[in-house]
Amino acid sequence: MSAPGFLGVFRVLCVCALWDAVCLLDTGMLFPRESSSREVKELSGLWVFRADKSPNRNQGFEKAWYKGLLSETGPVIDMPVPASYNDITQDPTLRDFIGWVWYERQVVVPARWIADEGTRVVLRVGSAHYYSVVWVNGVQVTEHKGGHLPFEAEIGSLIRKDPTMPCRITIAVNNTLTLETLPPGIIQHMNDPSKYPDGFFVQNIYFDFFNYAGIHRPVLLYTTPKAYVDDITVVTDFSDNTGLVKYKVSVLGATTATLKVTLMDKNRHCVASSSEPSGVLKVVDVNLWWPYLMHENPGYLYSMEVRLMAADDRSTYEDVYSLPVGIRTVNVTSTQFLINNKPFYFHGVNKHEDSDIRGKGLDWPLIVKDFNLLKWMGANSFRTSHYPYAEEILQMCDRHGIVVIDECPGVGIKDIRSFGNASLAHHLVVMNELVRRDKNHPSVVMWSVANEPAAEMPPAGNYFKTLIKHTKDLDPTRPVTYITDSNYARDKGAPYVDVICVNSYFSWYHDPGHLEVIPIQLNSQFENWYGKYKKPIIQSEYGADAVSGLHSDPPMMFTEEYQKVVLQSYHDVFDQKRKQYVIGELIWNFADFMTVQGITRVVGNKKGVFSRQRQPKAAAFILKERYWRLANETGRLPPWTKYPCFL
């Protein structure tokens, strides 16, 4: 079946859905937090699972699997959520499966949620890759296009129709990528019967990581009162020692409401308050949010408590929501990146949400381990290559002072057809969702709208001009970039970015094995880009593959020694240029990660300075020594940070 056939059912579902039973949430997307007025019920654990392996992958829709128990439709298996489904079984056809898979979970909803009609019950999916359709008790409640951002639907009226019936949640997920998805891809059919079995097709992609699929982040039920805080937006600034928190609160479900906005410090002491839905809170003797290793008290967070009181002719409603707030500023000059008016130098990493067995599934032990490794090596930043990471990860960044370049899934835009109007329209929607979700994170200092697009193609200029302007309209407070590997003179989107982010792999993909070319070619790269655009530059990717334990002297490609020398050669040039206009260096990659099978990949990409199991290669110690030296050169740190901190 063609790719349009896979996705064509989406349009049919839109027309046929019974929308009268539910209310789609198309406004705020606050992270679910428990409070005196809100409860959260997490649905992580084992779900019932079935892949639709019919030739056209549409049997589940044709036979309406969502109308009854999934186990009654045919063979099912256990599937953990959150997790990618690809590596859970021993079935190679499931590992490489393309098409619809079905999840089901029966949930006991607390009786008080059902009895109280003044309580909203919301079903939220943290993310599912790529296209999702959700039913509750056989009724469609929402659908979502995109694999890395949350979506939700209010289901209270639906589950109250028959309080005796269990709440049966069915989620169908399709990982098919087309030229109009983000990231793009294309289905290729192999029709030669002398070479391929009947119906054989492959998913071609234009990015170098495995297309893991499934429900990757937690599924939740949460409650709010009927009148509730729908959204909060904060923009921060400071003058001398006074912090300024400009805020706006959006309320739904009430025509009139009383608000109390209280900003509290870490000791829960009130430092400012207001009773208006929008305004500016002034904080005397402010504690600014500082990056890790830039200040003795990094990642300082205030708490903004919003308390809503509203009433109708039936009841009185109170809602309470608390939002962490970091007070800081971000500015860009022609040669510097400034946080709180101080020069900030990115010494960090690129990452992936990737690990053994669970694939891209949210995994708290892995997250905490990764943050310990980041701080151990003295990294102060990372890019969410090449898609938005879990909100829980950004919350960790806020608390620990790790700076984030927040990237959308615009990776692999290589085909000219992916610059069309339909692709652009979807890309704009993705940026809407990304900014809406992440706008209040102090750790997020820059938006990235794409990675290594074919920016030399004629349509790229207008595409990125429109996309970057749209992102700036959504959030005028943060710079916008995309990551390029194009020729500096022919990159049609570069005039519109605030910071030039360049990927290069000298002596690896170019002149492989010739380490001596790095100083010349890297210096030329920087001089060319800065000479043309007069904008600060981040080396957003560089590195080399190294198989753990593989050694050679003199260094040879794929050995730990070769990876070390590549890094050191790049660092020598960075040290010259960072005194001028280079404002950062992000190694590719933090850890080894899985890719599709191919002749250049031996069980994945091995450019990590840690193995996929988070064990250090020799390069990790090179970076550790360098990053701590860079941090200590600032001279603003207290004595205890003059040495690597193991806490």
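User: Is Tyr196 buried, partly exposed or exposed, and what is its relative accessible area?

Analyst: Buried means under 20% relative accessible area, exposed over 50%, and partly exposed in between (1.4 Å probe, protein chains only). Tyr196 has a relative accessible area of 31%, so this residue is partly exposed. Please note that this is a predicted model, in which local features need pLDDT of at least 70, side-chain atom pairs count only at pLDDT 80 or more, and totals for chains, interfaces and linings use all residues. Residues are numbered from 1 along each chain as its sequence is written, and side-chain values use heavy atoms, with hydrogens and water left out.

User: How is a pair of aromatic rings described?

Analyst: One gives the distance of the centres and the angle of the planes. Rings of Phe, Tyr and Trp (its six-membered ring) pair if their centres lie within 6.5 Å; planes under 30 degrees apart count as stacked, over 60 as edge-to-face and the rest as tilted. This structure holds 36 aromatic pairs. One of them, Tyr196 with Phe200, is stacked, at 5.1 Å centre to centre and 15 degrees between the planes. Phe200 is partly exposed, at 30% relative accessible area.

User: Why is the pair of Trp508 and Tyr562 called tilted?

Analyst: The planes stand at 55 degrees, with the ring centres 6.1 Å apart, so the pair is tilted. Trp508 is buried, with a relative accessible area of 6%, and Tyr562 is buried as well, at 1%.

User: Which residues form one aromatic cluster?

Analyst: The cluster consists of Phe61, Trp65, Tyr66, Trp100, Trp102 and Trp135.
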